[in-house]
Each structure stands twice: as C-alpha cells, then as structure tokens.
Amino acid sequence: MSDFPTGRLGDARKELRAWYRRIARPLPWRESRDPYTVWISEIMLQQTTVAAVIPYFHRFLERFPTVAHLAQADEGEVLKLWEGLGYYSRARNLRRAAQVIEANHSGVFPDSVEGLQSLPGIGRYTAGAIVSFAYDRPAPIVEANTLRLYSRLLGLAEDPRSTAGQRVLWEFAGLWPAGRNPGEVNQALMELGATLCTPQSPRCDDCPLAMVCEARRTGRQAEIPPPPRRPEVTDLAEVAVVVHQQGQFLLMQRMPGERWAGLWDFLRFDERETAEMGLPAYLQQRFGLETGAHQQFLQLSHGVTRYRIALRSVHCEWRSGTPRDGDRPLKWVSQAELGETPLPVTGRKIADVLAKMFAGPLVLKGDQPRGKRPRRPPTRG
Ligand code: SF4
C-alpha cells in the first residue's frame, strides 16, 4: 500500500464513478437490487463469463423466482437448469443455502457479511458483493478482475494470491466503497477490471484511475500480477457405456464426493478397470449385466480441473440382468426422459449423438410394435 497516493483517493473515486455512469454495461442482474437476484448472478458468474451466464440467469429466475421456490426445489431440477455451467457444487449449495434461509432466517436474506458467510457456498467475496450491491453498504470485494486491478494500482510486488498478498488486497479493497452509493463504487471497480484493466493489453489511456496507477507509472502493467502457477495436467482414459434396451438407456447417478455429484451419466469408469477382463465381463461383474453387440461410436476429449480426459463411448445391448452398483442409484430412461435428466457436458454430447442415431421412432430388432410402450427393464432399489 506504501506507494499508493491515498490522499488522492477521493478524486479517483469521483473519476471512477463518472466513468462508470457513462459506460456501465446493461447487464440483467444490474436491473435489480434484490439480494436473491444478486446472489444467483454472483454465484453463476464465478469461473464463468457474462455471455455464458445471461441465458442461465433468465431461465433460473423464471423457474425459481424467490428463495422459497428454490428451497422447495428438487435437486435434480436445479442441476438440470445448471447443466453446462460446470462446478455443480455451486448449484447444490444454492439450494442448500436457500433451505437454511427459509429454516433459520424466516425466509429473509441475511444483510451482513458475517451472516451471509455462514450460508453454504457463500465466501468473503460473494458476501461482500451482496451487501454492497443489494444493500448499498460499504464492504470490500476482491475477485479475479479486481485482484488484477488492485495489484496494478498498488504496483504489488507480492503474489496477490499469497496470504500476504491477499491481506494487502483486502485492506486496499476496503478503502474504496465509501460515501454515497458505495455499492456503485464496487460495481465500477469490477467493471474497470473486466473491461479496461484486462490481463493482456490494458487500455490505460482510457482508464479513469490512470493518475493513481503505480503499474502504469512504472510501466509494469505486463508483469503485474504474475500469472498463477498452473497445476500439472494429468491424462486419464475413461469409457462411457451406453447400455440400451428397447428404447431405454441405463444411467448411473454420480455419488457425493465424485465428480459431478448428483448428476446422472451413462455407465462411466476408468479404462484401466476393464483392462484385465475386458468390457463385457466387467459389466457383468460390476453391474450384473449380460450385454452384447458392443460398438464404439464416439471419442471425446475434455478437461476437468487438472485432468485431461480421453473418453471412449461404447454402445451395447442389454441381454439380461438387473443392474446394480452397490448403493448407487441406477435407472432406465427413454430418449425423451434423457432430455429432462441433468447430465454432465460429455453425457449430454453422447445423448445428442444418440438422438441422431435413433432419430424418429426407435424400432430395433426385438422391439415392441410401434405405438406400444416398450417394457422397461428392471433396476434394483
Ligand atoms: S492505468 Fe492501466 S494498468 Fe492501471 S488500472 Fe488503469 S488500465 Fe489498469
């Protein structure tokens, strides 16, 4: 903080506000000061771009317009609305937090940083954002864009993600939201970080805070902040098996602690698990299924956190056996039900390919005649 001219903070804030009033993007969540709306938008915007969030935001609020609606929601339906946004623990936490607000706060949103931070999935940044945007009270905020902005304004020598760096940034963030409309000051800081003070080629000539920016004064915009250390990438090979019988597809639910907990997926596991016995015997041993006509039909590659996953998709036909996998829920779904079921992105891609493969009325060898509902194969539990 030593090099920042705090004596010029008042003038800088004034410039910042004037700039924001001129250029603020008309984002849908800025039309409301309802804490519920602010909360939903802030959680969605974590790790996700504004453009990607907008349609999800509208759909979510249309289906769950209040905390009470969300508290009563079925988890599967919340996950379905979240499908494709990733980081699904955000959706599960939203629902759990809504239930806590209903049960412990009589349905009224807490209005303090401490009260908000006691809710599932709400950290220091989100609590500060809700307090400042919904209640227009001064609260510091540091997220990805303001982390970069504050680091440059201060000419921060430390890694801004380190404990020491975080302490400096949060303290600095607390200096800004003051005077009338402290929430607007925070909005302006975030907007500046998102639109002008970008990671590459910041537009310093247009910046309302250029006069107090240490990185600009010393020409170190490109060095500050240093890029985060990337975790080492691990390669994985997995297989997704589409077990199919008379228009029904077998799905397994992702368990707590697993990737995509709560979502449904085709039978999916590490390729190495099948290495010794081969796929048909593995399906028999683990899931109790006799299957035939195995055919690979799709190869996908995708990244999840620090993993790069090569996913081989295999289609096969159910011959006999009641599927089971310990306590894990399994279910047969029709093509139409597949469309209503929350799936991870790769599961949805597989489902889309299946929809094309089986376009039109699904009649395979041995199927029921058209118009008659196919018999649903058995599942346990
Ligand atoms: S002057 Fe440049 S580096 Fe400094 S805050 Fe503005 S855009 Fe960022």
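**Exercise 1.** Find which helices each supply at least two residues of the shell around the ligand.

*Solution.* The model is a predicted one, in which local features need pLDDT of at least 70 and side-chain atom pairs count only at pLDDT 80 or more, while totals for chains, interfaces and linings use all residues. Residues are numbered from 1 along each chain as its sequence is written. The ligand has 15 residues around it, and C197, P202, C204, C207 and C213 come nearest, a residue being near if its C-beta atom, placed from the backbone, lies within 6 Å of the molecule.

**Exercise 2.** Describe how the protein is divided into domains, and how these touch.

*Solution.* Domain 1 covers 6-218 and domain 2 covers 234-357, with bounds that come from an automatic or database domain assignment. Their centres, taken over C-alpha atoms, are separated by 37 Å. To the contact, domain 1 brings 8 residues and domain 2 brings 9 residues, two residues being in contact if their C-beta atoms, placed from the backbone, lie within 7 Å. On the side of domain 1 that touches domain 2, helix α5 (residues 75-82) gives the most, with 4 residues.

**Exercise 3.** List the residues that Y150 touches, not counting those up to four places away in sequence.

*Solution.* With those neighbours set aside, the residues that Y150 touches are V142, L169, F172 and A173.
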